[in-house]
Amino acid sequence: MIEDPASEYGFTLIELMVTVAVLAILLTIAIPNYQMFVMNSRMASQTNDLITALSLARSEAVKRAANVTVCASSDGATCTGGWAAGWIVRDAAGTPLRVQQALGGASTLAGGADVASTITFTASGRTTIPVIATAASTTLTLCPPSPASVQGRAIQIERTGRANSSPVACP
């Protein structure tokens, strides 16, 4: 049997058009889901960065038997600026132990009226949240850029020094 040599090269225009149509449908479905995946990953990563800094401060306070602070820092050396501009973990002498740069991806990190720009851990691993405060904890809220397609995170720091996060709706 003799085959036509032209039938051995490539594919037909109809096959190409069907392949492009299937690819277009798949991309139409995949791209929005991928964007949500990236945003969720960013929220989790930024939350973990803050909780890691808080855990480091707590463990260093216990290890050094001295106060260690986590504070908002826009310059990486002093406690100035808002939480979204970055933060530092520093010992009682003011020496930075860890510096975190500003949040990426237009995320925001802010506290309510009860949150100062400094969280101090004592030698016992507890925070200095006033005992007379009505709440036994303080909360920082991490939100994605508006309009929020994913949930933000509420990072709660208890008087005992324990930090955890939970999903929160952002405006």
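User: What handedness does the link of Cys-143 and Cys-170 have?
Analyst: This is a predicted model. In it, the link of Cys-143 and Cys-170 is left-handed, with -85° about the S-S bond. The sulfur atoms of Cys-143 and Cys-170 are 2.1 Å apart, and the two residues form a disulfide.

User: Which parts does that pair tie together?
Analyst: Cys-143 belongs to strand S6, whereas Cys-170 lies in the segment after S8, so the pair ties together parts that are 27 residues apart in sequence.

User: Are Cys-143 and Cys-170 buried or exposed?
Analyst: Both Cys-143 and Cys-170 are buried.

User: What is a disulfide in general?
Analyst: It is a covalent bond between the sulfur atoms of two cysteines.

User: How many disulfides are there?
Analyst: The count comes to 2 disulfides. One of them joins Cys-71 to Cys-79, with an S to S distance of 1.9 Å.

User: Why is the disulfide of Cys-71 and Cys-79 called left-handed?
Analyst: The torsion about the S-S bond of Cys-71 and Cys-79 is about -65°, so this disulfide is left-handed. Cys-71 is buried, with a relative accessible area of 0%, whereas Cys-79 is partly exposed at 25%.

User: What is the pairing of the bonded cysteines in sequence order?
Analyst: Numbered in sequence order, the bonded cysteines of the protein pair as 1-2, 3-4.

User: What holds strands together in general?
Analyst: Strands of a sheet pair through backbone hydrogen bonds, and the pairing is either parallel or antiparallel.

User: How many bridges are there between S7 and S8?
Analyst: Strand S7 (residues 152-158) pairs with S8 over 6 bridges, in the antiparallel sense. Within these strands, Ala-154 stands opposite Ser-166 in S8.

User: Where is Thr-47 found?
Analyst: Thr-47 is in helix H1. It counts as buried, at 2% relative accessibility.

User: What is Thr-47 in contact with?
Analyst: Leaving aside neighbours within four places in sequence, Thr-47 is in contact with Leu-142, Arg-153, Ile-155 and Ser-165.

User: What about the pairing of S2 and S3?
Analyst: S2 and strand S3 (residues 96-100) pair over 4 bridges in the antiparallel sense. The bridge partner of Ile-88 is Val-99, in S3. In the hairpin of S2 and S3, 5 residues lie between the strands, and Gly-94 takes a positive phi near 90°.

User: On to charges. How many salt bridges are there?
Analyst: The structure holds 4 salt bridges. One of them forms between the side chains of Lys-63 and Glu-60, at 3.1 Å from N to O.

User: How far apart are Lys-63 and Glu-60 in helix H1?
Analyst: They are 3 residues apart, and therefore separated by about one helical turn. Lys-63 is exposed, with a relative accessible area of 62%, whereas Glu-60 is buried at 11%.

User: What does Asp-91 form with Arg-64?
Analyst: Asp-91 forms a salt bridge with Arg-64, and the closest N and O atoms are 3.4 Å apart. Asp-91 lies in the loop between S2 and S3 and Arg-64 in helix H1, so this pair ties together parts that are 27 residues apart in sequence. Asp-91 is buried at 15% relative accessible area, and Arg-64 is partly exposed at 39%.

User: Which residues are linked in a network of salt bridges?
Analyst: Glu-60, Lys-63, Arg-64 and Asp-91 are linked in such a network. Glu-158 also forms a salt bridge, with Arg-162, where the closest N and O atoms are 3.6 Å apart. Glu-158 is partly exposed at 23% relative accessible area, and Arg-162 is partly exposed at 44%.

Notes
Residues are numbered from 1 along each chain as its sequence is written. This is a predicted model: local features need pLDDT of at least 70, side-chain atom pairs count only at pLDDT 80 or more; totals for chains, interfaces and linings use all residues. Side-chain values use heavy atoms; hydrogens and water are left out. Two strands pair if DSSP finds at least two bridges between them. Helices (H or I, at least four residues) and strands (E, at least two) are DSSP runs, numbered from the N terminus. Buried means under 20% relative accessible area, exposed over 50%, partly exposed in between (1.4 Å probe, protein chains only). Contact means heavy atoms within 4.5 Å. A disulfide is a pair of cysteine sulfur atoms within 2.5 Å.
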